[in-house]
Amino acid sequence: FEVTINAGAVIDEKYSQEAEAFWRNLRVVPYGLLVNNKNEFSYSFMGAQKIGDHPLERKTAVLVDSKISKDQMVMVINLKKNVGNDVNRKVFQDRDEAIEWLQI
């Protein structure tokens, strides 16, 4: 799957819960997810901590287009390392590399 977050969206705890319910109803087999961060958005601490915790989410590649975006997403992934659920998450600046990594 590829997801693009709407410009100006705020990823908070409520948003994370709604996203989890959406994915739970959409998929019943494991999947890889490409999160395309081409739009600017913001996130709360709890939103960053909760997003992307679906049990069938096998791998998550985060695609960024700037150094600032990359630093922000690396910070989110580092937060997930602290709570032990980062194993298959990685930040990319090249879409083809991200898709190739998801397929491995």
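**Entry 1**

I started with Glu18, which is partly exposed at a relative accessible area of 46%. For my own reference, buried means under 20% relative accessible area, exposed over 50%, and partly exposed in between (1.4 Å probe, protein chains only). This is a predicted model, where local features need pLDDT of at least 70 and side-chain atom pairs count only at pLDDT 80 or more, while totals for chains, interfaces and linings use all residues. Residues are numbered from 1 along each chain as its sequence is written, and side-chain values use heavy atoms, with hydrogens and water left out.

Which side chain does Glu18 meet in a salt bridge? I found Lys14, at 3.6 Å from N to O. A salt bridge here is a side-chain nitrogen of Lys or Arg within 4 Å of a carboxyl oxygen of Asp or Glu. Lys14 is exposed, with a relative accessible area of 56%. Glu18 and Lys14 are 4 residues apart in helix α1 (residues 13-26), so about one helical turn separates them. Helices (H or I, at least four residues) and strands (E, at least two) are DSSP runs, numbered from the N terminus.

**Entry 2: another pair in helix α1**

Next I looked up Glu20, and it forms a salt bridge with Arg24, with the closest N and O atoms 3.4 Å apart. Both sit in helix α1, 4 residues apart, which is about one turn of the helix. Glu20 is partly exposed at 35% relative accessible area, and Arg24 is partly exposed too, at 47%.

**Entry 3: a pair across the chain**

How many salt bridges does a search of the whole structure find? I got 3. One of them joins the side chains of Arg95 and Glu2, at 2.4 Å from N to O. This pair links distant parts of the chain: Arg95 is in helix α4 (residues 95-103) and Glu2 is in strand β1 (residues 2-4), 93 residues apart. A reminder to myself: side chains of opposite charge can pair when their charged atoms come close.

**Entry 4: a nonpolar patch**

Last, I asked which residues make the nonpolar surface patch of about 290 Å². They are Phe1, Phe22 and Leu26. Patches are made of residues with over 30% relative accessible area and no salt bridge; like charges are joined within 9 Å, and nonpolar side chains (Val, Leu, Ile, Met, Phe, Trp, Tyr) within 5 Å. Accessible areas come from the Shrake-Rupley method with a 1.4 Å probe, and for residues only the protein chains shown count as cover. Leu26 is in helix α1 and is partly exposed at 42% relative accessibility.
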